[in-house]
Amino acid sequence: MGLYEGIKNIAKAVQQTENVDLYKQLIELSAQALDMENELTHLRSENEKLIKEKENCIERHDELYITLKGDADKTLYCSHCWDHEHHLVQVKCYDSGSFKCAHCANNGVYDYAKWNS
Ligand SMILES: [Zn+2]
């Protein structure tokens with residue numbers, strides 16, 4: 001049941017009680033709920049826009065890690081966590097040339113020269 005439909009159903013029930021104060025409260029709460037729904041729609045749209053902007057800052061690689069464009073340190077982040085949650089989670093890089101995400105355990109090789117030696 002959607003918000004509008006729910007409010008309409010409750011309004012019908014409240015009208016039958018002929019309780020004016022209760023009806024006024026329902027109208028006030030309905031207005032607040034609709035404002036919140038509009039704000040939620042706005043925030044979702046803004047969040048989607050921010051994610052797309054951030055996606056443009058990401059460099060993808062053959063292995064399942066990502067780096068940020070312009071990052072001189074070339075910090076490695078988990079591509080799985082980014083793709084599923086849009087969180088930048090730094091991966092642990094090992095001297096062996098492998099990496100592992102502490103959050104989701106995604107792992108792989110970031111440096112094949114080290115990996116093969
Ligand atoms: Zn991860």
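## A zinc site in a predicted chain

Cysteine 104 is partly exposed, because its relative accessible area is 27% (buried means under 20%, exposed over 50% and partly exposed in between, with a 1.4 Å probe and protein chains only). The model is predicted, so that local features need pLDDT of at least 70 and side-chain atom pairs count only at pLDDT 80 or more, while totals for chains, interfaces and linings use all residues. Residues are numbered from 1 along each chain as its sequence is written, and side-chain values use heavy atoms, with hydrogens and water left out.

The zinc ion has Cys78, Cys81, Cys101 and Cys104 as its protein donors, each through SG, at 2.2 to 2.3 Å (donors are N, O and S atoms within 2.8 Å of the metal, or 3.2 Å for Na, K and Ca). These donor residues follow the spacing C-x2-C-x19-C-x2-C in sequence. Cysteine 78 belongs to strand E3 (residues 77–78), whereas cysteine 104 sits in the loop between strand E5 (98–100) and strand E6 (107–109), so the pair ties together parts 26 residues apart in sequence (strands are DSSP runs of E, at least two residues).

| Residue | Relative accessible area | Class |
|---|---|---|
| Cysteine 78 | 0% | buried |
| Cysteine 104 | 27% | partly exposed |

Beyond its neighbours within four places in sequence, cysteine 78 is in contact with Leu64, Ile66, Val89, Val91, Cys101, Cys104 and Asn106 (contact means heavy atoms within 4.5 Å).

Across the protein chain, buried residues account for 23% of the 117 residues, and the C-alpha atoms fill a box of roughly 85 × 25 × 20 Å along the principal axes.

Conventions. Helices (H or I, at least four residues) and strands (E, at least two) are DSSP runs, numbered from the N terminus.
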